[in-house]
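Subject: Structure handover and findings

Hello,

Here is the structure for you to look through. My notes on it follow below.

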Amino acid sequence: MVNPSRMANAIRALAMDAVQKANSGHPGAPMGMADMAVALWGRHLRHNPADPRWADRDRFVLSNGHGSMLLYALLHLTGYDLPLAELQNFRQLHSKTPGHPEVGVAPGIETTTGPLGQGIGNAVGMALAEKLLAAEFNRPGHAIVDHHTYVFLGDGGLMEGVSHEACALAGAWKLNKLIALYDDNGISIDGQVAPWFVDDVAGRFRAYQWNVIGAIDGHDVDAVDRAIQQAQQSTHQPTLIICRTHIGKGAPHKQDTAAAHGSPLGAEEIALARQQLGWNYGPFEIPADVYADWDAKAAGRQHEAEWQQRFAAYQAAHPDLAREFARRMAGDLPADFEQIAAQAVQQAASEAKTVATRKASQLALEILTARLPELLGGSADLTGSNLTNTASTPALRFDAGGAVVRDDQGRLGRHINYGVREFGMTTVLNGVALHGGFIPYGGTFLTFSDYSRNAVRMAALMKQRVVLVYTHDSLGLGEDGPTHQPIEHAASLRLIPGLAVWRPADTAETAVAWTEALKNAHRPTALLLSRQNLPYLPKHGLDDIRRGAYVLSEPADAGVNQPAQIVLIATGSEVQLALAAQKLLAAKQVAVRVVSMPSTTVFDAQDAAYRSVVLPHGVARVALEMGVTGGWWKYGCADVIGIDRFGESAPATQLFAYFGFTASKVAERVERVLSSR
């Protein structure tokens with residue numbers, strides 16, 4: 001007979017032992033949540049250790065990722081390819097058990113957690129993806145998308161403001177298959193949370209339109225089991241199960257104290273805990289009967305086999321839908337994507353429109369969203385400014401019963417109104433991408449990217465294909481003033497490893513930026529787009545735009561038939577300014593090459609040969625961008641024309657003159673460089 005107490009104590013023992021051996025980690029949360037895990041993982045979670053990426057598996061998110069040993073213990077005990085040696089190597093270099101769970105490092109981990117509050121946001125995104133895919137692909141008698149998203153979270157995650165943003169959205173979207181289990185232990189690093197965490201959590205979540213169960217005894221496996229069963233019956237509300245627990249459960253002197261939170265218990269306390277728990281086994285020793293109780297391999301094979309049987313019937317009845325579903329879940333672009341991409345770029349070049357690059361983005365999206373149903377857009381209450389919506393992406397809405405509403409053409413919503421929730425939006429985007437089946441994108445003003453920066457960083461760390469549409473990218477937004485004018489933002493985003501950052505200058509560069517973003521299956525992309533109109537810039541060709549920088553204009557194009565004396569590098573709206581300065585200088589027979597560099601991050605990854613063709617050795621360089629200057633000196637610039645202070649409130653044309661962003665001022669700076677050589 002299965003012994004839930006011994007199953008839970010196996011988790012506690014592994015957590016104590018691994019943290020002690022590493023001399024680092026958080027034993028208290030795994031020890032406190034162990035019984036909750038027995039109820040969920042032992043009785044409800046539909047997963048297959050032999051196939052961690054099975055499409056219709058339940059998703060589990062450990063939002064309080066500092067309790068990572070709970071998850072590592074569960075993965076090991078249930079039969080994933082995570083041997084005991086990896087648990088013994090907890091928090092060590094190149095182990096599969098880093099300090100916080102990381103997606104792609106060990107099998108069975110659905111998202112990278114640790115920065116508190118973001119895991120629940122990711123889970124909201126996963127549950128949203130499940131609901132939308134079910135509405136799109138399920139047919140009568142064929143439910144091929146039908147799974148739950150479960151979350152463990154604690155006091156710290158609920159203190160983080162992003163949890164409010166994400167959970168409010170979950171209630172608005174009626175995500176009834178989202179079930180969160182709150183580890184209510186009343187302890188954080190600083191001690192008892194009562195003096196600084198006075199929230200009525202149950203009332204708060206009821207206000208979000210969640211179903212709330214409890215408080216219940218989080219150490220009563222049967223009570224947690226019953227609560228999960230009750231939550232699974234919800235038809236139109238996500239569920240929060242409040243589980244009262246003891247942090248460090250079983251540690252006689254450190255249970256219910258901050259001492260159990262983030263430090264090893266110590267050999268003496270561990271010995272006493274083993275005695276109190278009745279766990280008479282050595283470090284990392286798990287008896288065969290406990291392994292047998294936890295083993296999920298046979299049940300997992302059965303779960304997936306049943307789904308595969310259903311999918312085979314679906315495939316026979318709806319072969320086109322089945323192929324599309326398989327493609328989408330694999331993350332593959334349509335077979336004709338290269339032709340779609342070429343159409344978007346060529347159309348931009350042939351039409352040569354003078355529009356803001358935010359409008360150029362929308363023009364590209366009109367083509368892309370019509371052909372790629374996986375594109376799921378949205379905006380943080382700035383749709384009319386970000387221009388993230390298209391004719392193919394109706395607004396996402398839900399009826400009173402929780403069903404996804406179709407528009408008068410029978411189409412499901414594909415554009416999300418996130419409200420004023422930049423951080424929450426980005427955590428949801430990450431969750432949607434992690435789930436699979438969609439390529440999510442979301443918009444806000446560039447200056448507000450700061451609100452969501454840590455989630456942007458997590459997208460890069462997790463290598464997720466998320467597209468961040470950041471408009472109003474410079475002083476050019478004008479009268480809204482320094483609170484809204486980005487200064488350091490482009491440079492700051494470029495510092496994030498693995499994030500592709502594009503600041504295009506016209507419609508063609510914007511179309512290329514979009515198509516490259518979609519090709520980047522394992523990399524997020526930020527698009528920095530102008531508010532003001534920009535002219536189309538004539539080019540010698542379109543192929544090199546994708547390489548991040550290219551020669552836009554040679555001295556001969558401006559009427560100077562001699563080798564370049566200087567290279568003027570510019571991005572975005574400043575490229576037109578560079579061309580205007582080139583013309584002024586050409587009148588004085590100064591030979592200027594203009595390089596458009598829409599993506600420094602992409603250009604920096606090119607081979608040395610290409611980089612030296614664009615930026616030849618021995619030729620002076622000047623960079624031009626309406627932002628901080630620090631990031632440009634690495635290109636060997638003799639001068640950088642930028643702005644290292646906050647802006648002002650005035651019409652854009654006045655600001656350009658005031659801060660020296662005019663053709664004549666740029667030409668003067670170039671001449672000054674040449675005269676000093």
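Q20 sits in helix α1 (residues 4-22). Helices (H or I, at least four residues) and strands (E, at least two) are DSSP runs, numbered from the N terminus. Q20 is partly exposed, at 28% relative accessibility. The scale is relative accessible area: buried is under 20%, exposed is over 50%, and partly exposed is in between (1.4 Å probe, protein chains only). Leaving aside neighbours within four places in sequence, Q20 is in contact (heavy atoms within 4.5 Å) with P264, L265, G266, A267 and I270. Q20 and E86 are 66 residues apart along the chain, and their C-alpha atoms are separated by 14 Å.

A word on the source. This is a predicted model, where local features need pLDDT of at least 70 and side-chain atom pairs count only at pLDDT 80 or more, while totals for chains, interfaces and linings use all residues. Residues are numbered from 1 along each chain as its sequence is written, and side-chain values use heavy atoms, with hydrogens and water left out.

Next, T427. This residue lies in helix α17 (residues 422-435). T427 is buried, with 0% relative accessibility. Neighbours within four places in sequence aside, T427 is in contact with Q118, G121, N122, V162, A166 and A455.

Helix α2 (residues 28-43) has 16 residues, and 14 of them are buried, so α2 is largely enclosed by the rest of the structure.

In helix α3 (residues 68-78), eleven of the eleven residues are buried, so the helix is largely enclosed by the rest of the structure. Just after α3, G79 takes a positive phi of about 115°.

Now the helix pairs. Helix α15 (residues 357-371) and helix α20 (residues 507-519) pack at about 50°, with axes 9 Å apart. Axes are lines fitted to C-alpha atoms, for helices over the stretch in contact, and angles run from 0 to 180 degrees between N-to-C directions. α15 and α20 are therefore oblique to each other. Under 35 degrees counts as roughly parallel, over 145 as roughly antiparallel, 65 to 115 as roughly perpendicular, and the rest as oblique. Residues of α15 that meet α20 include T357, A360 and L368; on the α20 side, T507, W514 and L518 are among them.

The axes of helix α12 (residues 297-317) and helix α13 (residues 319-330) come within 5 Å and cross at roughly 130°. This pair is therefore oblique as well. The contact includes W307, F311 and Q315 of α12, and P319 and F325 of α13. Q315 is partly exposed, with a relative accessible area of 40%.

Last, the backbone. Most residues other than glycine have a negative phi, and most peptide bonds are trans. R91 has a positive phi near 65°. R91 is in the loop between α4 (84-88) and α5 (118-137). D256 also has a positive phi near 65°, in the loop between β7 (239-244) and α10 (267-277). A cis peptide bond joins G214 and A215, with omega about 25°. A215 lies in strand β6 (residues 211-217).

Best wishes
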